[in-house]
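Visitor: I am new to this one. Could you show it to me and take my questions as they come?

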Amino acid sequence: MNLQKPDQLTLPPAPPAAVNLYTPKNPFTATVVGRRRINDPSSPNFCWHVVLDIRGGQMEGRYRIGQSIGVVPEGRFNDPKFNVMNRSLDSKIRLYSIASACWGDDWRGETVSLCVKREVDENEETGELVFGAASNFICDAQLGDRMQITGPVGKSFLLPENPLPHHYVFVATGTGIAPFRGMLIELFNQGFAGEAWLIFGVPYSTEVMYDEEFRQWSQNHPNFHYRTAISREQRNREGGKLYVQHRLEEEEERLIPLLRRPETRLYLCGLKGMEFGIYKWLYRIDSGLLSLPPGMTVEAIQAMTRESPDWMKVEKARDKERLFKETY
Ligand code: NAP
């Protein structure tokens with residue numbers, strides 16, 4: 001897909017963040033108008049970019065990148081085959097981060113896109129395959145199929161109201177890439193001239209979603225720096241798995257001065273576990289993005305394990321104006 005808007009088009013600024021325009025009791029019926037696989041076809045995993053038509057509803061032109069929408073996986077919650085995670089069956093929706101800019105992939109705000117990986121597992125006792133209810137519902141959907149959605153929700157992972165006079169470091173693991181695709185489209189189509197980094201971690205090189213788009217983007221924009229961390233194919237300096245935090249470390253000569261600038265924003269999206277290594281690094285480089293909880297030293301934090309009772313305090317010590325996270 002071309003991430004650059006057509007020349008003749010003038011895009012409006014991002015709208016104010018609206019929330020809960022649709023709820024589980026009052027969902028909107030969207031139609032699937034696009035679907036394409038976004039990881040390598042040779043992969044045994046299946047990640048799809050799905051485009052939903054939201055014309056005629058209140059969400060049209062009113063969602064912000066960084067928000068999520070809920071999907072109602074009709075008919076699948078009460079089937080054990082579709083309850084891979086063995087989660088409570090009474091929830092009617094699953095939330096997914098929006099992957100399109102506020103103008104949608106159609107540039108008119110008439111669509112919203114999601115980035116979804118099929119969840120598939122084996123039942124430990126029976127060996128039967130079980131499928132994540134919502135992820136497979138979305139990935140199964142064909143063009144023209146209708147789907148009930150809710151939201152948008154969330155106001156804490158947005159770009160700043162005036163996004164241009166900032167620098168950005170985006171760090172994603174897996175499908176946590178979703179919001180960064182939309183954020184980059186919004187920034188660069190509004191004439192962003194700052195520095196933007198995207199550090200993207202996945203287990204195998206076949207799992208790098210939107211890879212071609214990001215590569216092309218970095219060729220066209222010298223101020224966009226794209227790095228992948230392929231955990232099970234590449235090694236860090238100690239010989240272990242190469243994670244996003246190791247890529248950050250490798251680039252620290254350029255990232256330290258950037259992160260220390262007050263106008264720089266750091267966004268983390270994906271697995272909760274990534275916070276641990278990244279936060280330690282942020283303390284070590286004196287980024288200013290995390291304060292020291294009372295009575296703690298940087299050395300004590302470096303020695304912590306994820307199980308340390310004090311880790312909770314560290315987690316909460318981020319500068320909420322400059323460091324944003326959406327991790328699960
Ligand atoms: P995935 O393909 O398994 O990729 C995750 C990557 O992170 C792997 O390379 C993994 O390495 C690495 N990793 C594991 N532990 C880490 C750690 N402690 N520090 C740094 N990197 C680490 O991911 P996924 O299955 O797509 O899962 C992504 C997560 O993002 C899910 O929890 C999802 O809920 C969340 N999320 C999704 C969305 C969305 O819109 N879909 C939005 C926000 C967040 P190894 O496996 O090799 O150890």
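This is a predicted model: local features need pLDDT of at least 70, side-chain atom pairs count only at pLDDT 80 or more; totals for chains, interfaces and linings use all residues.

Visitor: Let us begin with the strands. How many bridges join strand 1 to strand 8?

Guide: Four bridges join strand 1, residues 28-37, to strand 8, residues 146-153, and the two run antiparallel. Within this pairing, Ala 30 stands opposite Met 147 in strand 8.

Visitor: And where is Ala 30 found?

Guide: Ala 30 is found in strand 1. It counts as buried because its relative accessibility is 0%. Between the C-alpha atoms of Ala 30 and Thr 150 there are 9.9 Å in space, while 120 residues separate the two in sequence.

Visitor: Thr 150, then. Which residue has Thr 150 as its bridge partner in strand 8?

Guide: That residue is Gly 70. Strand 3, residues 68-72, also pairs with strand 8 in the antiparallel sense, over four bridges.

Visitor: What about the loop between strand 2 and strand 3? Which residue lies there?

Guide: Ile 65 lies in that loop. Its relative accessible area is 1%, so Ile 65 is buried. The C-alpha atoms of Ile 65 and Val 112 are separated by 9.8 Å, although the two are 47 residues apart along the chain.

Visitor: Changing topic: how many salt bridges does the structure hold?

Guide: The structure holds 17 salt bridges. One of them is formed by the side chains of Arg 55 and Asp 53, at 2.7 Å from N to O.

Visitor: Is Asp 53 buried or exposed?

Guide: Asp 53 counts as buried because its relative accessibility is 12%, and the cut-off for that label is under 20%. Asp 53 has its place in strand 2. Asp 53 and Leu 143 are 90 residues apart in sequence, yet their C-alpha atoms are 10 Å apart in space.

Visitor: Which residue does Lys 325 meet in a salt bridge?

Guide: The side chain of Lys 325 meets that of Glu 275, at 3.4 Å from N to O. This pair links distant parts of the chain, 50 residues apart: Lys 325 is in strand 13, residues 323-327, and Glu 275 is in helix 6, residues 274-284. With a relative accessible area of 1%, Glu 275 is buried.

Visitor: And what of Asp 310 and Lys 313?

Guide: Their side chains also meet in a salt bridge, at 3.1 Å from N to O. Asp 310 is partly exposed, with a relative accessible area of 30%. Lys 313 is partly exposed as well, at 46%.

Visitor: Which residues are linked in a network of salt bridges?

Guide: The network links Arg 36, Asp 105, Arg 181 and Glu 213. Arg 181 is among the buried residues of helix 2.

Visitor: Now the surface. Which residues form the negative patch?

Guide: Asp 121, Glu 122, Glu 124 and Glu 125 form it. Glu 122 belongs to strand 6, residues 120-122, and counts as exposed because its relative accessibility is 52%.

Visitor: Which residues gather in the patch of positive charge?

Guide: Lys 117, Arg 232, Arg 235 and Lys 241 gather there, on the surface. Lys 117 has its place in strand 5, residues 111-117. Its relative accessible area is 38%, so Lys 117 is partly exposed.

Methods:
Residues are numbered from 1 along each chain as its sequence is written. Side-chain values use heavy atoms; hydrogens and water are left out. Patches are made of residues with over 30% relative accessible area and no salt bridge: like charges are joined within 9 Å, nonpolar side chains (Val, Leu, Ile, Met, Phe, Trp, Tyr) within 5 Å. Accessible areas come from the Shrake-Rupley method with a 1.4 Å probe; for residues, only the protein chains shown count as cover. A salt bridge is a side-chain nitrogen of Lys or Arg within 4 Å of a carboxyl oxygen of Asp or Glu. Lys and Arg count as positive and Asp and Glu as negative; His and the chain ends are not counted. The place of a charge is taken as NZ of Lys, CZ of Arg, CG of Asp or CD of Glu. Buried means under 20% relative accessible area, exposed over 50%, partly exposed in between (1.4 Å probe, protein chains only). Two strands pair if DSSP finds at least two bridges between them.
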